Amino acid sequence: MANQFELIFCIVNLGFSDSVMTAARELDSRIGGTVLNARGTAREEAEKLFNITIEPEKEIVMMLVAKELKEEILHAVYKSVGLNTPGQGIAFSLPVDEVVGLSIPAVNKEEKQE
C-alpha cells in the first residue's frame, strides 16, 4: 500500500474546517478528515508584509487522500478557503510511505509484487 496516499494539511481560521471538508468532498464524497485546534504565532510584521489581519485561533484539517486526487483537492480547498478568503487558509501535502488500518479494494497481482 506504499505511495498510494498523500496527507493534506490545511490550516484555516477558526470555524472554517467545514468549508475545507465540503470542498474536498465535492471531489470524493468518501473523504474524511481530522480537525485539530491550534493557535498561530505570526507576528505583526507578517500582517504588514501580506497586508492581512492574522487571526491567531486556527484549525488544522488533516486528510488522507488518494495520490491521484491530491492536486485537485489542494486547488479546490484553496479556491474555497485560501489566503484571499475569510478562511485565510494555506494547504500543503506530504507523501505517505505506509498506511495500516484502512480497508481498500484488493489490488491486482502485478501491484502486489512490487
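Guide: A crossing is left-handed if the near helix is turned anticlockwise from the far one by less than a right angle, and right-handed if clockwise. Here, the crossing of α1 and α3 is right-handed. Helices are DSSP runs of H or I, at least four residues, and strands are runs of E, at least two, numbered from the N terminus. This is a predicted model: local features need pLDDT of at least 70, side-chain atom pairs count only at pLDDT 80 or more, and totals for chains, interfaces and linings use all residues. Residues are numbered from 1 along each chain as its sequence is written, and side-chain values use heavy atoms, leaving out hydrogens and water.

Visitor: At what angle do α1 and α3 pack?

Guide: Two packed helices are described by the angle between their axes and the distance between the axes. Axes are lines fitted to C-alpha atoms over the stretch in contact, and angles run from 0 to 180 degrees between N-to-C directions. Helix α1 (residues 17-25) and helix α3 (residues 70-81) pack at about 140 degrees, with axes 8 Å apart.

Visitor: Which residues of α1 and α3 meet?

Guide: Contact means heavy atoms within 4.5 Å. From α1, S19, V20, A23 and A24 meet I73, A76, V77, S80 and V81 of α3.

Visitor: Which residues of α1 are buried?

Guide: Buried means under 20% relative accessible area, with a 1.4 Å probe and protein chains only. In α1, S17, V20, M21, A23 and A24 are buried. They pack against β1 (5-13), β2 (34-39), β3 (57-66) and α3. Of the chain's 114 residues, 28% count as buried.

Visitor: What pattern does the chain follow?

Guide: Along the sequence, β-α-β-α-β-α-β-α. That chain has four helices and four strands.

Terms used
Buried means under 20% relative accessible area, exposed over 50%, partly exposed in between (1.4 Å probe, protein chains only).
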